[in-house]
Structures are given as C-alpha cells and as structure tokens.
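This briefing presents one protein structure to a reader who is new to the subject. Please keep the sequence and the structure in view while reading the points that follow.

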Amino acid sequence: MKLGLISDTHDDALAVRRAVRAFNAEAVSLVMHAGDISSPALASAFEGLKAPFVGVCGNNDHDWQGLRGAFAPYGQIYRGYYDTALAGVRLALMHELRGLHQLPLNKKYDVVIYGHSHHFDVRNGHYLLVNPGQCKSGCEEPTVAILDLCSLTVRKIVLDTDEQSVA
C-alpha cells in the first residue's frame, strides 16, 4: 500500500494539480496533507484525485470550518493531529513537530508525518519521521513523497515546474 504525502501547498493550485497527477500515476491508496493549505478555494485543485484524502490544519489554516466543507467531496480535514492504522502500520499526521506532545501517550506510532519546515526530511528513530517538503511553485524544489507501507520506505518526488509539461 502506497500513500501520497503532501504539505505546505499555500493556495498553489498549479503545484497541487501536478501533485495530483503524480499521486494518480503512482496509484496511491490515500493522500495525506500535513497542513498549510491556506484557503478553502484550493480544494478544487484536488479534483481528479483518484485516492481518498485526509489532511490536518497548519498554522496558516485559519478557516477550519471552510476547509472542512470545501474538502468534504475529497475527504476529511482535522484540527491538531490525525492518527490511524493502515496495513498494520500506525501513523500520525500533524503540521508542526512541536505538536508531538499532543499525541496520545498511550499510542505508539510507526510513522509520524509532518510539515511546516518546507524541507523534505526522512529520519529513523523510535519511529519513521517524514516531511514531504513544500508543494509550491516558485520554491527551489517543490516536492511530495510516496510512503510504501509494506517496506516503510519513502521516495521523494520533485514536481515538474516546466509549464510546457503540464497537461
């Protein structure tokens, strides 16, 4: 089972459409957004996504109710953090790492996915820590990630920024 990981889209519909194409090409089973969507208007950029969607609010996501309503056709948006178990892997999704203290102490996670820093990051320790980077045009390297739940490996995808290659 493969998950598509995305974060810090900051209202960039063009970058999100590129990410959606990448996730569809990878046939991901679920897309997880680690926050900083920014406004409900961005939801329409996820149209055509062939996988369910789940996201959390970041520090720039002030209209939680609006985001929740706008993303309802695609999936769910949560405040704070989201946790689940998929294919026997326990996952937590949050925006800022400093939110780790908010996770329930009675749960152990295999993978923690976060955003906020705008930098791709993968670290192994007590759990696999993953930041898919920033999915925003105009940044040095717009990225998303693919997490393989069977092998617990992460693959970085640098999104094509060439306008000619966007269909």
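The largest nonpolar core contains 27 residues, and Ile6, Phe23, Phe46, Phe71, Ile77 and Val144 touch the most other members. The model is a predicted one.

**Nonpolar cores**

- As a general background, nonpolar side chains in soluble globular proteins tend to be buried together.
- Which residues are in contact with isoleucine 6, leaving aside its neighbours within four places in sequence? They are Ala19, Phe23, Val31, Met32, His33, Ala34, Phe46, Pro132, Cys135 and Val144.

**The six-stranded sheet**

- Six strands form an open sheet with mixed pairing, in the order S4-S3-S2-S1-S10-S11.
- Strand S4 (75-78) and strand S11 (153-158) stand at the edges with a single partner strand each, so one side of each has no neighbour in the sheet.
- From one strand to the next, the twist averages 20°.
- Helix H2 (residues 64-71) packs on the sheet, where it touches strand S3 (53-56) and S4. The direction of H2 makes about 170° with that of S4.
- In general, strands of a sheet pair through backbone hydrogen bonds, in either a parallel or an antiparallel manner.
- Strand S1 (residues 2-6) and strand S10 (residues 143-148) run antiparallel and are joined by four bridges. Within this pairing, leucine 5 stands opposite alanine 145 in S10.

**A hairpin**

- Strand S5 (residues 82-86) pairs with strand S6 (residues 89-93) in the antiparallel sense, over five bridges.
- Tyrosine 82 stands opposite leucine 93 in S6.
- The two strands S5 and S6 form a hairpin with two residues between them. In the turn, alanine 87 has a positive phi of about 50°.

**Aromatic rings**

- How many aromatic pairs does a search of the whole structure find? It finds five.
- Why is the pair of phenylalanine 53 and phenylalanine 71 described as stacked? The ring centres are 4.9 Å apart and the planes stand at 20°, and planes under 30 degrees apart count as stacked.
- This pair links distant parts of the chain, with phenylalanine 53 in strand S3 and phenylalanine 71 in helix H2, 18 residues apart.
- Both phenylalanine 53 and phenylalanine 71 are buried.
- A cluster of Phe46, Phe53, Phe71 and Tyr74 is linked by ring pairs.
- Arginine 79 lies over the face of tryptophan 64, at 4.8 Å from the ring centre.

**Serine 7**

- Serine 7 is found in the loop between S1 and H1.
- Is serine 7 buried or exposed? Serine 7 has a relative accessible area of 0% and is therefore buried, as this term applies under 20%.
- Leaving aside its neighbours within four places in sequence, serine 7 is in contact with His33, Ala34, Gly35, His95, Gly115, His116, Pro132, Gly133, Gln134 and Cys135.
- Serine 7 and phenylalanine 53 are 46 residues apart along the chain, and their C-alpha atoms are separated by 13 Å.

Key. Residues are numbered from 1 along each chain as its sequence is written. This is a predicted model: local features need pLDDT of at least 70, side-chain atom pairs count only at pLDDT 80 or more; totals for chains, interfaces and linings use all residues. Side-chain values use heavy atoms; hydrogens and water are left out. Two strands pair if DSSP finds at least two bridges between them. Axes are lines fitted to C-alpha atoms, for helices over the stretch in contact, and angles run from 0 to 180 degrees between N-to-C directions. Contact means heavy atoms within 4.5 Å. Rings of Phe, Tyr and Trp (its six-membered ring) pair if their centres lie within 6.5 Å; planes under 30 degrees apart count as stacked, over 60 as edge-to-face and the rest as tilted. Buried means under 20% relative accessible area, exposed over 50%, partly exposed in between (1.4 Å probe, protein chains only). A charge sits over a ring if NZ of Lys or CZ of Arg is within 6 Å of the ring centre and within 35 degrees of the ring normal. A nonpolar core is a set of buried Ala, Val, Leu, Ile, Met, Phe, Trp, Tyr and Cys residues joined through side-chain atoms within 4.5 Å.
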